[in-house]
Amino acid sequence: MPQKRLTTNGNVFRRTDGRWQSVIWYFDEQGVKRRKVFSSKTKTEAQQKITTYIAQFNAEVHSSDESQKTIKDSLTHWFQVFKFPSVERTTYDRLECTAQHQVFPLIGDKVVGDITAADLKSVLNHWTEQGYAYTTVKKVHILLNEYFRYLMEEDFIPKNPMQSVPMMKKANFLAAQDKECLPEQEAVTVFTPTEIAKFKREAFSTFYNGKRKYQQAAAYILMLNTGLRTGELLGLLNSDIDLERRVLHLERGVKEVWRRDGLQAEPGRDVKVGKLKSATSKRTVPLNDTAIAMIQDLRKEAYFGENTPLVPDEHGNYTRPVNFRKRYYRVLAAARIEKKGLHSLRHTFASNLVNGIKQEDSTIKSLTPRQVADLLGHSTSQITELYYVKKDTSRLHGITDGFNL
């Protein structure tokens with residue numbers, strides 16, 4: 001991107017009418033040559049006008065030069081101009097959070113043009129050494145790579161220092177933290193049958209007066225039997241459910257975003273109702289007997305009308321995900337179950353469908369990964385198998401008997 005620059009220090013001459021004129025030539029941001037003319041009564045005044053203008057011109061160029069700004073000022077400006085209008089609010093919040101917590105504390109006060117590959121590598125090394133998750137450090141790498149690529153493409157810097165800072169392979173990253181790199185399926189967290197029984201028992205437990213200890217307990221069991229994401233469940237309206245046909249239709253999702261005054265983040269978060277995660281997320285989900293019973297239980301607990309959420313707050317509005325999540329963790333703690341994310345309910349649903357459930361006649365009833373992918377709203381069955389299914393290897397016991405070579 002061309003930048004404004006002066007071509008001369010200016011010329012001063014006397015006109016035929018006796019007045020003094022000063023002229024200075026410069027190139028504007030588009031590379032077009034232009035001039036600035038001043039008229040004065042005296043030569044001293046004409047020279048002073050040129051001196052003042054040059055000082056103002058240089059100050060303006062300096063303030064508009066991204067390479068002379070701090071990382072904090074320049075990156076914030078890039079966020080507001082290029083990111084805020086073009087990405088989801090939750091994505092923007094995540095980017096801003098990464099910058100504020102992982103980038104600014106370490107290099108926020110450094111000048112853009114002075115940043116080296118070593119500076120950027122030190123940022124990634126710092127959070128690796130602090131034991132942060134691979135995904136967190138990778139988000140920092142992606143953010144810095146995109147930002148510095150923008151600076152280079154706009155000619156604010158001559159070279160992208162991130163080109164010399166490749167993201168470490170996951171296996172090497174975990175080795176640096178003395179952690180084992182497990183296959184994706186091994187990292188999937190699911191509930192065992194025993195844990196499911198303990199969870200249900202605690203979730204539906206009551207006080208001495210018969211009142212339930214936990215609100216919306218049936219919602220968690222509904223997730224366990226449908227594989228819904230948290231945002232999908234909380235965005236579900238009563239009118240989206242057809243108990244007669246035993247299906248529900250997913251049309252929208254609920255997310256939490258930072259509260260803002262324009263671009264400026266403020267304390268607190270707001271509930272945002274919008275589109276689902278992807279095109280394949282908009283789907284029809286079948287309901288089994290348990291799922292139907294849980295829907296009826298939720299409506300018995302709180303029902304504000306057909307066009308209101310199935311899982312409402314006390315006013316009939318959408319439930320905040322943070323509140324829904326806190327109740328879930330309270331159930332886990334009380335049931336003395338190892339902490340698992342809400343997504344573990346979805347993982348358990350997928351794993352049971354693929355691995356199968358043993359029937360009374362000892363046969364195994366299961367679904368194909370493609371069928372489960374459709375139920376979960378995944379575009380490919382590979383996503384389902386890699387990231388959502390914990391394979392049951394116990395069935396392999398003795399399977400090679402008779403295959404002696």
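At 75% relative accessibility, Arg336 counts as exposed (exposed means over 50% relative accessible area, buried under 20% and partly exposed in between, with a 1.4 Å probe and protein chains only). Arg336 sits in the loop between H12 and H13, and its phi is near 60°, a positive value in a residue other than glycine. Helices (DSSP H or I, at least four residues) and strands (E, at least two) are numbered from the N terminus.

Asp178 is another case: not a glycine, yet with a positive phi of about 60°. Its loop runs between helix H6 (170–176) and H7, and at 75% relative accessibility Asp178 counts as exposed too.

## What you're looking at

This is a predicted model, where local features need pLDDT of at least 70 and side-chain atom pairs count only at pLDDT 80 or more, while totals for chains, interfaces and linings use all residues. Residues are numbered from 1 along each chain as its sequence is written, and side-chain values use heavy atoms, with hydrogens and water left out.

Mean pLDDT (the predictor's confidence in each residue, from 0 to 100) is 86 for the chain, with 88% of residues at 70 or more.

## The overall fold

The chain's secondary structure comes to 15 helices and 11 strands. Of its 405 residues, 40% are buried. Take the contacts (heavy atoms within 4.5 Å) between residues at least 6 apart in sequence: 60% of them join residues at least 24 apart.

## The largest core and H9

The largest nonpolar core has 39 residues, and Phe199 and Phe324 touch the most other members. A core here is a set of buried Ala, Val, Leu, Ile, Met, Phe, Trp, Tyr and Cys residues joined through side-chain atoms within 4.5 Å. Helices H8 (193–203), H9 (217–226), H10 (230–234), H11 and H12 (321–335) each supply at least two residues of this core, and H9 gives the most, with eight. There is also a second, separate core of 32 residues, including Val123, Tyr134, Tyr150 and Met162.

H9 is mostly covered, with 10 of its 10 residues buried. Its cover includes H8, H10, strand S9 (284–286), H11, H12 and helix H13 (343–355). Just after H9, Gly227 takes a positive phi of about 75°.

Gln216 is found in the loop between H8 and H9, and it is buried, with a relative accessible area of 5%. Leaving aside neighbours within four places in sequence, its contacts include Leu298, Glu301, Phe324 and Arg327. Gln216 and Glu301 are 85 residues apart in sequence but 7.6 Å apart in space, C-alpha to C-alpha.

## How H3 meets H5

Helix H3 (residues 89–107) packs on helix H5 (residues 134–153) at an angle of about 100°, with axes 10 Å apart. That makes the pair roughly perpendicular (65 to 115 degrees; under 35 is roughly parallel, over 145 roughly antiparallel and the rest oblique). Axes are lines fitted to C-alpha atoms, for helices over the stretch in contact, and angles run from 0 to 180 degrees between N-to-C directions.

On the H3 side, the residues are Arg94, Leu95, Thr98, Ala99, Gln102 and Val103, meeting Thr136, Lys139, Val140, Leu143 and Leu144 of H5. They divide into six nonpolar, three polar and two charged (Ala, Val, Leu, Ile, Met, Phe, Trp, Tyr, Cys and Pro count as nonpolar, Asp, Glu, Lys and Arg as charged, and the others, Gly among them, as polar).
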